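The following exercises are to be worked with the sequence and the coordinates at hand. Each task is followed by a solution in steps.

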Amino acid sequence: MTGKETACSLLSQIGKSLLTKPVELPQGTLEMLILKAVSLGPLHGYGVLLRIQQISGERLEILQGSFYTAVYRLERRGWIKGEWGESENNRRARFYALTASGTRQLKSETARWTDMAAVVAGILNKKANEI
Amino acid sequence: MSLFAPIRKLWRSVAPRTASDVEKEFRSTLDAYQEDLIGQGLPEDQARRKARMDLGQPAAQNETYRDAIGLRLFDELGGDMRYGLRALRRNPGFAAVAVLSLALGIGATTAMFSLIYAVLLHPFPYAGADRITNPIMIDDRYPDEYSYFELSKSQLDEVRHADLVESVLGFNGSHMEITGGGLPEDIWGVYITENAETFFGVRPHLGRTIEPSDAANGGHPVVVLSYRFWQRQFGGDPRIIGRTLEMDHSPYTIVGVMPRSFAFNDIVGAGDVYLPISLMRPVANGPPIVYLPWIKLRPQVTPAAANAALGPIVFEGKNQPPKGSPDHRHLALQPIIVPYRQDLGRTLTLLLAGVVLLLIIGCANCSILLLARGRTRRHEFAIRTAIGASRWRIVRQLLVEALVISCTGAVLGVAASYWLAQLPLLLSPESFPAESVIRISPPILAFSVALALLCGILFGLAPALRLSRHDPARALPGRQASIAVAPARHRWSVLIAAQVALTLLLLATAGTAIRGFLRLTQMPLGYEPAHVMQLGISLHVHNPEQWNRLQSREARTAYIEQIRQTIASVPRVSTVAVAISATPPDADAQSSFLVDGTANGEQQQARVMLADQRYFAALRIPLLQGRVWNADENSRGDFIAIVNHAFATRYLSSSNALGRQLRIPSLTAHNRYQAVSAQSTAWRQIIGVVGDARNDGVDQPVVPAIYVPYTAALQAWAQFLVRTEGDPLTCLHAIRAAIASVASDQQISNSASAYNGTFTLSEAIERDAQYSRQRLFSILFGVFSAMALGLALVGIFSLVAYSVAQRTTEFGVRLALGAPRAHVLWVAARIALASAAAGMVLGLAVDSFLGAVLAHWMQNTFAAGSLFVAAALLALGALLACLLPARHAIAVPPAEALRYE
């Protein structure tokens, strides 16, 4: 596909995700996802939002107002750092990057989440004769 | 700049981003999203709306930000506080009453607490003050009496080296005289051993304290001034260090000034100046120097152990009992606070109870006012509940408003408490240690803050819980005017009843105190103190030249008589008498005596007063039988005596007193300063009986007393009782000048101390311990009860006023339906009247229980009469407070009242 077609399909996918209601997102995991999104490269606010949509495959919905609350919290705890800069269309925007402690936090959160998921999945997959 | 930088840094670390910053960022994201949506094909206004729906409103972002970083509680509380302050400003009448009620209560309680702190908890500024003890000697046969004693130098050193003792301070006092300019002035000097600096651990106000180096080479003539002396004599001059003070014709260098709280000490007398003890010169031909000791024990040492260890050291040498007689005495180390704690504990507890009652009344007042005002806010809270405020949120807001009132009241109260706390010290200075200094210190401030918070929660909780309970459906009014259904008034009634009961308690206590004090002032004294003053002189034992001249009895008598005549020659002086330790209302210690016809060995004791023949005329003590001795008999001094009526009744009841004989074996010379007549202990004939004059304190019954001419046992000092026309103190200057012209270096004592000082006899009565204590109670309790009465009446008044304002419609309906005006008045006021009546009954019941106990604590008698007077006063006040605002109920015409919404 050409660049333009990629862009159009991306945009239509965004529109789809924002109009439908797939999966609701609890607050704690949103923070983890933001950390992950920012870890792939510094982004401004809207860019983070888009990237989350992108990497989740548009399967997650963010409740109104919860996005920025999560961003403020992360910034307060020193896991991401915000700085004013210029975005791609020469707009002033605030760019967020992961700090060292943020990297550590992401790592530990990822480990915890995957452990928990593995344990729960293991329990749920048990057949009656395996107990 | 440098002050604000760290504050600004702190502030920024709390909320690093500004509101505009947050909003700008949000808007940039919003715009980006909006553009995306437009790019997808949505029209602009729809894109705008959707963007805002999905992401949020820009204006609300700052709040979200502050909430996200945890500042929400802070913001809400701040908002509540500002709201509370605005509400106070909008209702100045309400605010004034509420804040003042609390300011009175909190101020008085803080004042009493700071007094207790200064007097009982931290009265002495010395290091390790709880380990400093005063050694006293107790005779097992009379355990209630104790005496101080002195140690010789070697004994002092031995005690210092004992195991259980950390350090020892030796001290002694002596009259000093400021010479070298102007009229000579008598001051009191306290000599202290040179370890004073480490023993006391008190930092001097200026300069330094007495140091060990001052003892080297026989002693350097240095002197340290007390704070009061420095203020009085030198006007608080800060450049005093290094100047010279000439005392007893020798120059001393001033090296320091002690701080205000240092007033060492109460045993020998608070010194005007402090000197190293190595400078203390023995009296011409006198005994060697002795030391009064203060012993600082090591930590964890019990007084009992110390008594056992130190007893043997103390009881050798001159403290040994006479040969052959058993030693009934034992040593007791008394912590220096003990004499005060016994007397003061009850006094201060009583006063503290009084102010706590006042505080409770003030809080009840505020609670009533909040409840009354809260009724007008039902609408506001109903709406807030309807749009989602939790009950806790509303309760929190009301509590914060209550705390705003209580903290404002506390600020005013603490400011006032500094002066209020001085009041007991001014009224009864003898009851408190001289070192106690009232200061607003951190513990006091912490106490008042805690008190403010406690009070705020106390009086705010009830209204808060009540007002937050409203059901929005019922409280939001429709168009129909609601005739206020009488709400549950139980809380108001209880509060008013409690207030009235407590006020009655305070009033009754004040009544008892005032009655007791008045009874004391009206007690017959047996003499007339008006226009009489005592002048004390001391003969110069330190001046060998003068002292040698006055050694013999005749010379001394002539000298004293010459001074007496000089004083009598001053205009407006009517009578001058000589007395030695015979100034009423208290007199010196008892002595034993023997009356003819009674068996030897009976321990009969009486006061022995040394006076001249004009004594009775000067004091206007009536002569009941016989005669007073004449001038010749006075100069002879022996073979005659006069007794008072109490003596005649107790010891001479069987026969006529005149002509009986008595003798006083102890009337001999005990030291070198006394000049005693040859026959002073011989039999004396009783030639007269005089009326009883108070000699054991103002309220104690008169003790038997014997009067003998003072020439029988002359001392190194004497007092003159001077009766003048008009105020005696105005003649003082003329008397000083007259004496100076006759005997140029004889001066009159300047101090007002009870021992050989200069003061009027009315002052002596005011200084009597019982008199001043009763005066303290009656004034303070009178003030408390007046304040409580004011608060209670204001509380009732404002409650009825609010209630009437609320129920205007109801009264309009009643009047329109034809109710008589008196009945409407009754309806308006009846709840308050009923509560007040209930409170009075409760108060009467409680006071009949407690009244006797309280009176006993004040050393008074309980009088039912004062209780009923108090009740009548309170009833009248409460009636007025109920009826005056109720008049408004009938003042509004019914038609207007019905239209009132």
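**Exercise 1.** Locate Val783(B) in the secondary structure of chain B and decide whether Val783(B) is buried, partly exposed or exposed.

*Solution.* Val783(B) belongs to helix 25, residues 769–806 of chain B; helices are DSSP runs of H or I with at least four residues, strands are E runs of at least two, and both are numbered from the N terminus. The model is a predicted one, in which local features need pLDDT of at least 70, side-chain atom pairs count only at pLDDT 80 or more, and totals for chains, interfaces and linings use all residues. Residues are numbered from 1 along each chain as its sequence is written, chains are lettered from A and ligands numbered from 1 in the order in which they are written, and side-chain values use heavy atoms, with hydrogens and water left out. The relative accessibility of Val783(B) is 35%, so Val783(B) counts as partly exposed (buried is under 20% relative accessible area, exposed over 50%, partly exposed in between, with a 1.4 Å probe and protein chains only).

**Exercise 2.** Which residues touch the most other members of the largest nonpolar core?

*Solution.* A nonpolar core is a set of buried Ala, Val, Leu, Ile, Met, Phe, Trp, Tyr and Cys residues joined through side-chain atoms within 4.5 Å. The largest has 51 residues, and those touching the most other members are Leu535(B), Ile567(B), Phe647(B), Leu662(B), Ile706(B), Phe720(B) and Ile735(B). A second, separate core has 40 residues, among them Val159(B), Phe229(B), Met247(B) and Met280(B).

**Exercise 3.** Characterise the interface of chain A and chain B.

*Solution.* Begin with the residue count: chain A contributes 24 residues to the contact and chain B 28 residues. The buried area, that is the accessible area (1.4 Å probe) that two parts lose on being put together, summed over both, is about 2200 Å², with 55% on carbon and sulfur atoms. On the side of chain A, Tyr46(A), Tyr72(A) and Arg76(A) lose the most area to chain B, together 33% of what that side buries. Next, apply the salt-bridge rule, a side-chain nitrogen of Lys or Arg within 4 Å of a carboxyl oxygen of Asp or Glu; 4 salt bridges are found across the interface. Arg94(A) forms a salt bridge with Asp21(B), with 3.6 Å between the closest N and O atoms.

**Exercise 4.** How many helices and strands does chain A have, and in what pattern do they follow along the sequence?

*Solution.* Chain A has 5 helices and 5 strands. Along the sequence their pattern is α-β-α-β-α-β-α-β-β-α. Helix 5, residues 100–125, includes Trp113(A), which counts as partly exposed because its relative accessibility is 39%. Of the 131 residues of chain A, 37% count as buried.

How values were computed: Contact means heavy atoms within 4.5 Å.
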